[in-house]
Amino acid sequence: MKSIDLHAHTTKSDGTLTPAELVLLAKESGLAAVAVTDHDTVGGLAEAREEGEKLGVEVVPGIEVSTGWQHTEIHLLGYLFDPAAPELTPAIEWVINDRRERNEKMAALMRADGIPVTAEEMYRRYPESTVGRPHFAVKLMECGLASSVKDAFARYLAPGQKYYVRRNHIPFDRAVEILRDSGGKTVLAHPFQYRFDDGRLRELLDYCRNVGVAGMECLYSGYTPEQEKYLEALAGDYGFLVTGGSDFHGGHKPEIKLGTGTGGLRVPYELLEELKK
Ligand code: AMP
Ligand code: ZN
Ligand code: FE
Ligand code: FE
């Protein structure tokens, strides 16, 4: 039975492996396919595809878009779209510009507390990456203010903490439309991350179905077999395809392994075949 991973990040957003390194790891991990789903960028797809052709690993073009729905940040995965589609570029530029303004605000808040950091320094250190809070988290660690990326989020970068600055988000339905117009399919990412109760989750799923979302990420790092079953049943109720992935970030989330997540994850190749239909 062939296994895959449909959710992974590279240095083009906030992962620590380059796209080529990620594909090599997929090969070494025995995966038949890996989707590169960097936050708000398609910058890693060409390199990953090239490496995949070399190594004989199927690389699925992907993206993870941060969108807004009823004042909540919801992550939407896009797959199998054309990275060069004309609809995609202006949307991504809008997000990058918004992130740029936010990164400058975050850096200014830190400087006001004596932390020597500028957004420009981050862009130099992480060229061509979608720079965001995880990169600032590393800086806070280096300054001795946090013991890990997670700790930096808890103390400084999570909503309500002192260096948190809100981003603006593309409306959920607009992101779905752009990805569909680019020839792709969309999937609701990690449904438990939003901390919704059953009623509110169903409200979101209703909305997802109405705007044309194709699938739901039911298999995900740390989800128990019971949680997976619950999500698969929901996907059945709403007619969504089932997908799965680890949300691998390399060293930024060392507890998550490509393909197997925190240990129990396994995503069968058949789910990718369904997604391609
Ligand atoms: P940003 O897009 O700049 O707002 O950063 C969000 C990203 O930071 C998420 O996609 C995660 O990869 C990461 N992240 C969010 N919360 C945490 C946390 N508590 N600990 C570690 N990483 C986190
Ligand atoms: Zn991330
Ligand atoms: Fe996410
Ligand atoms: Fe992710």
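Reader: How are the donor residues of the zinc ion (ligand 2) spaced in sequence?

Author: Donors are N, O and S atoms within 2.8 Å of the metal (3.2 Å for Na, K and Ca); water is not among the atoms, so sites may look incomplete. Here the spacing of the donor residues is D-x24-H-x209-H. The protein donors are D14 (OD), D14 (OD), H39 (NE2) and H249 (NE2), at 2.0 to 2.7 Å from the zinc ion (ligand 2). H39 sits in the loop between β2 (31–36) and α2 (45–55), and H249 in the loop between β8 (241–245) and β9 (267–268), 210 residues apart. Helices (H or I, at least four residues) and strands (E, at least two) are DSSP runs, numbered from the N terminus.

This is a predicted model: local features need pLDDT of at least 70, side-chain atom pairs count only at pLDDT 80 or more, and totals for chains, interfaces and linings use all residues. Residues are numbered from 1 along each chain as its sequence is written, chains are lettered from A and ligands numbered from 1 in the order in which they are written, and side-chain values use heavy atoms, with hydrogens and water left out.

Reader: Why does H39 count as buried?

Author: Buried means under 20% relative accessible area, exposed over 50%, partly exposed in between (1.4 Å probe, protein chains only). H39 counts as buried because its relative accessibility is 11%; H249 is buried as well, at 2%.

Reader: How many aromatic pairs does the structure hold?

Author: There are 9 aromatic pairs.

Conventions
Phe/Tyr/Trp six-rings, centres within 6.5 Å; stacked < 30°, edge-to-face > 60°.
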